[in-house]
Amino acid sequence: MSTITAARSAGRGAPPPAGRGAPQAGLEPRPPGTDAPAIRIAGLGKRYADDGPVVLEGIDLDVAPGQFTCLLGASGCGKSTLLSIVAGLEKPSSGTVEVADGGAAVMFQDASLLPWLTARRNVELALRLGGSGLSASARRARALELLEVVNLADAAEKRPHELSGGMRQRVALARALAQDRPVLLMDEPFAALDAITRDLLHEELQRVWRETGRTIVFVTHNVREAVRLGQRVLLMSSRPGRIVREWEIADEGPRRIESPQVGTLSIEITEHLRREIRRNA
Amino acid sequence: MPDLVSVDRGGPEARLETPATDPTGLETAAARPPRPAEAADSLNADLRGLDALQTERRTSRPRWRRLIDGALPPVVLIALLIAAWQAYTLIAQPRPDLSPGPLDVAAALGQAWESGRLQLAVTTSLERGVLGFLIAIAIGTPLGLLLAEWRLLRRALGPLLSGLQVLPSVAWVPAAIIWFGLSDATVYFVVLMGAVPSIANGLVAGIDQVPPQLRRVGTVLGASRWQLATAVVVPAALPGYLAGLKQGWAFSWRSLMAAEIIAFGGTIGFGLGSMLQQSRDLADLAGALGTILVILAIGVVIELLVFAPIERGLLRRRGLTGANS
């Protein structure tokens, strides 16, 4: 467990032990972890200035290993801030965050690929900077393997500007997988995509999640997206950001965004979301 | 209110069906055991289809065609200008010592070539220009990096460096002659004072324009401070750095000519600036104009052969080229 506390610098904690850095042969599911949560957040609060508004308050959350959690809330409710704190990019003002050994990989709303590198070299960079300890040729082979996972082996030598938005996000997903960390944090990764692409990427993400067994925290403001993807949906209030309600969704295999169950639950969650927004009027 | 129906417009005759066996929805998915392999195959096919739709296939023009398209307009313009100049000389018959025609200028250059002065001047100036520029890069680059990363130094030295960039480096020539005498050191000093601020400022500007998101990505990927600089920040700053280098070369070349014109004699070799000054002393206007054309041509050639290809490659890799390339 690496711990992020308000007092300590929010680093990624201890470097991964030697064993973890070794490449996995394929992407076989990880063995079901111990009972320790992959992420444990306790009493977390955040304000940017001492006299500034409270962004996050009293957040307690345990995320089980391998769980797909969706964090839902209106724009500006602090869900991205919470994700940044878990990622170690920002420090909490109070409380603690513990992330499972190995830390978290992050995907942003824009793919944030380095524009001068090809898709393959972008993935290789993650392998190099992440201290995978692989030789250059092994990194190359591993990067191609990961691009194969996201169906982009043919586009390996293309640069980001030659790829569509959906393809760029898949390269970003491959890059996040290259980091080989147990937790994957996703900050509205599909928000800027068209509906058709988003629908396919939902399916793709679910497949990758099932194959790799990563713990995923997925931030979104799209209720249907949250219900479509998550095993667990957390609703956040705004000003201050708190987790006010949560839903567990039985995972009975792939579901579709059009299915009636998704629709029914979305209506219920939207009601609660609207109520939270109305409170700020 | 009629039931919802799906109309298959693709068939030869439109068929109406009630969606009784709608394959969407959870209940049917639960009723029929899902076959993951099949689903994965269809997902792969869908993604491939979408990828093909969303990426454009580019057809590039052949190399010779691009070369002609690029070279033809300026060549034609220059030919027209020279023709107009020659026509003026033929029709108006001005005094050849005050307004020489293109043929007089060509003859003066030919004379300089035969005596070997032209070759000597070009090699001397180019050697100094290139060497001075390389030294300026070696000084300006670390200086720029230091300024970009060390805030206090930047606050202290930044305005001074910008001032130096505005100051015409010719202004240093008299002082340099007093310090170093009529030697190569004077020439190099003036060249460095012209080029170093441009190169350093270009690099600083390039680093300032690196999107903060790229730094975040580097941090998230686990980069150390050094790795962040070498793998993310410096490559991202290359376009700005290159712009600084181009300006630095222009300043080097200009400062060099100025220094060679003013500092004449002593152990200073014979460069293009010296040749220009010599033409003035001899009241040889054709020779002076010819030398100016040579200086201009060298500037154009360096731009076309060195900077333009580097810049084009750099921008094309980042998808920053417009429709014209």
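Helices (H or I, at least four residues) and strands (E, at least two) are DSSP runs, numbered from the N terminus. The model described here is predicted, so local features need pLDDT of at least 70 and side-chain atom pairs count only at pLDDT 80 or more, while totals for chains, interfaces and linings use all residues. Residues are numbered from 1 along each chain as its sequence is written, and chains are lettered from A and ligands numbered from 1 in the order in which they are written.

Chain A contains eight helices and ten strands. Of its 281 residues, 48% are buried. A residue is buried if 20 or more other C-beta atoms lie within 10 Å of its own, exposed if 12 or fewer, and partly exposed in between; the C-beta atoms are placed from the backbone. Two residues are in contact if their C-beta atoms, placed from the backbone, lie within 7 Å.

Strand S8(A) covers residues 215-220. Six of its six residues are buried, so S8(A) is largely enclosed by the rest of the structure. One side carries A:Thr215, A:Val217 and A:Val219, and the other A:Ile216, A:Phe218 and A:Thr220. Both faces are covered. Two strands pair if DSSP finds at least two bridges between them. Strand S4(A), residues 68-72, pairs with S8(A) in the parallel sense over five bridges. Here A:Phe68 has A:Ile216 as its bridge partner. Strand S7(A), residues 183-187, also pairs with S8(A) in the parallel sense, over five bridges. In S8(A), A:Phe218 stands opposite A:Met186. From S7(A) the chain passes through helix H6(A), residues 195-212, to S8(A), and this β-α-β crossover is right-handed. A crossover is right-handed if, with the strands pointing away from the viewer, the path from the first strand over the helix to the second runs clockwise.

Strand S6(A), residues 104-107, is covered on both faces. A:Ala104 and A:Val106 are buried on one side, and A:Ala105 and A:Met107 on the other. S6(A) runs parallel to S7(A), joined by four bridges. A:Val183 of S7(A) stands opposite A:Ala104.

The loop between helix H5(A), residues 165-178, and S7(A) holds A:Asp180. Its phi is near 55 degrees, a positive value in a residue other than glycine. A:Asp180 is buried, with 22 other C-beta atoms within 10 Å. Helix H2(A), residues 79-87, is mostly covered, with eight of its nine residues buried. Among them are A:Leu82, A:Leu83, A:Ile85 and A:Val86. Just after H2(A), A:Gly88 takes a positive phi of about 85 degrees.

Chains A and B meet through 37 residues from chain A and 32 residues from chain B. On the chain B side, the elements giving two or more residues are helices H1(B) (26-31), H2(B) (36-54), H9(B) (212-220) and H10(B) (225-262). H2(B) supplies the largest share, nine residues. The chain B side divides into 16 nonpolar, ten polar and six charged residues. Ala, Val, Leu, Ile, Met, Phe, Trp, Tyr, Cys and Pro count as nonpolar, Asp, Glu, Lys and Arg as charged, and the others, Gly among them, as polar.

Within chain B, the axes of H10(B) and helix H12(B), residues 285-317, come within 11 Å and cross at roughly 170 degrees. That makes H10(B) roughly antiparallel to H12(B). Axes are lines fitted to C-alpha atoms, for helices over the stretch in contact, and angles run from 0 to 180 degrees between N-to-C directions. Angles under 35 degrees count as roughly parallel, over 145 as roughly antiparallel, 65 to 115 as roughly perpendicular and the rest as oblique. H10(B) contributes residues including B:Leu242, B:Trp249 and B:Trp253, and H12(B) residues including B:Ile302, B:Phe307 and B:Leu314. This contact divides into twelve nonpolar, one polar and two charged residues.

Helix H8(B), residues 184-208, contains B:Val190. B:Val190 is buried, with 29 other C-beta atoms within 10 Å. Leaving aside neighbours within four places in sequence, its contacts include B:Trp172, B:Ser255 and B:Ala259. By contrast, B:Gln93 is exposed, with 10 other C-beta atoms within 10 Å. B:Gln93 lies in the loop between helix H3(B) (63-92) and helix H4(B) (102-115). Its phi is near 50 degrees, a positive value in a residue other than glycine.
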